[in-house]
Amino acid sequence: MASDQSTPVVFCWHMHQPGYRDLKTGTFLFPWVYLHTLKDYSDMAAHLEAHPAAKAVVNFAPVLLEQIEIYLVDIERWRHGAGEIGDPLLAALVASRLPDPGTPGFLDTVEKCLRANNERIIQRFPAYARLAQLAEFYRTKPEMQRYIAPAFLSDLLVWYHLGWMGETIRRGNSCVQALQEKAMGFSLDDRTALLNVIFETLAGIGPRYRHLAQTGQVELSVSPFTHAMVPLLIDLGSAREALPEIALPEHASYPNGDARAQWQLEKAREVFRRFFGTEPTGCWSSEGGLSQQTLHHLQQSGYRWTASGDSVLQNSLSRAQADGYEPGDGSIHQPYQFGDADITVYFRDDGLSDLIGFTYADWHAEDAVGDLVHHMENIASHTSPHSHRVISVILDGENAWEYYPENAFHFLGELYRVLENHPRLALTTYRELLEKSATEPQHLPSIVAGSWIYGTFSTWIGDPDKNRAWDLLCEAKQHYDRAIDNGSLTAEQKQAATEQLAICEGSDWFWWFGDYNPAQVVSDFEHLYRRHLVNLYEMIGYPAPPSVFQTLSQGSGAPARGGAMRPGHDFDGAL
């Protein structure tokens with residue numbers, strides 16, 4: 001059993017998806033919210049439920065939570081004949097009539113049903129693999145599409161959702177097991193039964209995580225409402241603290257960005273409170289993006305802790321030393337406070353976190369966990385019994401697992417099994433550390449603004465495409481401000497426009513712009529970003545400028561993990 005002399009270890013799993021819903025039409029343009037809920041958020045809860053002595057911090061972006069709620073309402077309304085399901089792919093799963101073979105609707109649905117990890121999901125199931133092979137045949141020989149049987153699309157829809165099924169559901173749900181055994185020839189009743197599993201899974205997310213939080217096993221934390229890059233909202237120029245020569249947008253600042261940053265943080269608390277029935281203690285500022293002003297905003301909003309990547313700490317230590325300040329041992333394995341901001345900052349061990357994100361997927365689970373724990377034990381062995389140390393492993397809680405066998409079922413199970421009763425390492429949460437005063441923070445004069453990726457904001461600003469996107473947002477915000485100030489909008493219209501503006505402020509749009517990302521994903525996200533901007537202009541009654549209708553970015557890269565995750569440093573897989 002862990003003792004008081006054990007080194008605290010915090011796993012912080014971050015869950016977020018941007019706003020995929022078109023607020024004008026009510027349609028979800030991409031299905032990633034419900035698919036990741038089905039596959040990842042449910043599994044992450046189940047692994048903790050299976051290991052009651054384990055602890056973790058689980059962070060949710062409020063825009064994700066709200067979209068889960070909307071799916072539940074949509075499905076319930078459809079069940080009662082009071083409306084349609086707003087996600088076309090989920091609606092197709094239970095459609096009484098599917099699109100005719102060869103039609104645009106048919107081909108679009110087929111393409112969507114192949115957007116899954118080929119090795120770990122599609123090829124895992126022979127029936128799904130055969131359907132994917134047939135789809136490729138029909139794609140290359142369009143003249144043969146007239147001979148496609150209607151059962152093809154029905155079976156493909158079922159297998160797509162079975163492929164995205166959480167592993168813990170797959171192993172415990174009799175309906176899922178029966179459908180997998182049937183393998184083909186799925187009826188509408190089969191598809192409806194599968195929708196019921198999806199609904200139950202989405203409906204269980206809130207109660208399951210609430211229960212884990214009530215037992216003290218999980219600390220729930222939050223991000224800004226739409227996962228906005230708060231430091232850049234406050235000051236675009238903060239990007240030059242870590243990269244003095246970085247190119248910035250034409251607009252010198254985001255209009256009234258200080259107020260928007262505070263709104264994002266306070267709105268996050270409001271949604272979190274409604275969803276989980278409690279107040280968050282900590283905030284993972286989107287992408288670990290911090291600046292001195294951001295720390296003050298977090299403190300003002302009532303948050304007691306936040307976190308970032310270790311490069312932000314290294315930059316801050318270097319500046320402190322250059323200014324003649326003696327920063328102590330500069331360890332990343334301890335908390336810090338900066339200047340007069342009364343908020344504790346923890347720092348991600350990039351080496352450990354990136355091993356999980358980019359290396360261990362191809363290892364045997366016991367070997368991977370053994371290697372990770374060995375690194376942690378080495379850190380603990382260099383920690384004196386009276387030092388204020390904590391090992392922070394912070395990473396995406398969703399995208400990594402599709403690269404692991406069986407959605408990391410074996411890895412995560414082994415991870416919690418080994419660590420929940422480790423004699424020298426103690427799983428805990430940041431709130432627990434603060435309540436016990438177990439980790440006294442070290443003080444530094446100020447923080448150098450940056451994110452957990454490279455300690456800079458270069459993933460979101462500086463590239464010509466990213467800067468153009470910021471200029472479009474700044475211009476739209478100027479028109480939004482005028483519409484709000486001139487009294488031309490009703491209270492309801494103001495609320496709708498403000499929500500739409502918040503979605504446009506999300507960090508994900510800027511993340512994907514740039515040639516180094518895959519072309520299909522860049523196209524998806526830049527189209528959706530511009531659609532959100534057009535909706536904002538319509539809501540404030542101002543014509544969208546021609547620039548909003550011009551393609552922003554065209555990717556051509558093939559980054560690791562499809563670009564959905566990035567390492568904290570230029571990563572070679574070794575420590």
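This is a predicted model: local features need pLDDT of at least 70, side-chain atom pairs count only at pLDDT 80 or more; totals for chains, interfaces and linings use all residues.

Me: Which radius of gyration does the chain have, and what does a compact globule of 575 residues lead one to expect?
Reply: The chain holds 575 residues, and for that number a compact globule would have a radius of gyration near 25 Å. Along the principal axes, the C-alpha atoms fill a box of roughly 75 × 60 × 40 Å. The globule value agrees with that of the chain, which is 24 Å.

Me: What share of the contacts with a separation of 6 or more joins residues 24 or more positions apart?
Reply: The secondary structure consists of 22 helices and eleven strands. Of the 575 residues, 60% count as buried. Among contacts with a separation of 6 or more, the share from residues 24 or more positions apart is 80%.

Me: How far apart are the centres of the positive and negative side chains?
Reply: The accessible surface comes to about 21,800 Å², and carbon and sulfur atoms account for 50% of it. The chain carries 44 positive and 72 negative side chains. The distance between the centres of these two sets is 5 Å.

Me: Is S316 buried or exposed?
Reply: S316 belongs to helix α14, which spans residues 310-322. Beyond its neighbours within four places in sequence, its contacts are F338, L444, S446, I447 and V448. A polar atom of the S316 side chain lies 2.9 Å from the backbone nitrogen of V448. Because its relative accessibility is 1%, and the cut-off is under 20%, S316 counts as buried.

Me: Which side chain is joined to that of W452 by a polar contact of 3.0 Å?
Reply: W452 is placed in the loop between β11 (442-444) and α19 (464-485). At 10% relative accessibility, this tryptophan counts as buried. W452 and S308 are 144 residues apart in sequence, yet their C-alpha atoms are 5.2 Å apart. The side chain that makes the 3.0 Å polar contact with W452 is that of E287.

Methods:
Residues are numbered from 1 along each chain as its sequence is written. Side-chain values use heavy atoms; hydrogens and water are left out. Helices (H or I, at least four residues) and strands (E, at least two) are DSSP runs, numbered from the N terminus. Buried means under 20% relative accessible area, exposed over 50%, partly exposed in between (1.4 Å probe, protein chains only). A polar contact is a pair of N or O atoms within 3.5 Å; within protein, one must be able to donate a hydrogen and the other to accept it, and residues adjacent in sequence count only if both atoms are side-chain atoms. Contact means heavy atoms within 4.5 Å. The radius of gyration is taken over C-alpha atoms; the globule rule is 2.2 Å times the number of residues to the power 0.38. Accessible areas come from the Shrake-Rupley method with a 1.4 Å probe; for residues, only the protein chains shown count as cover. Lys and Arg count as positive and Asp and Glu as negative; His and the chain ends are not counted. The place of a charge is taken as NZ of Lys, CZ of Arg, CG of Asp or CD of Glu.
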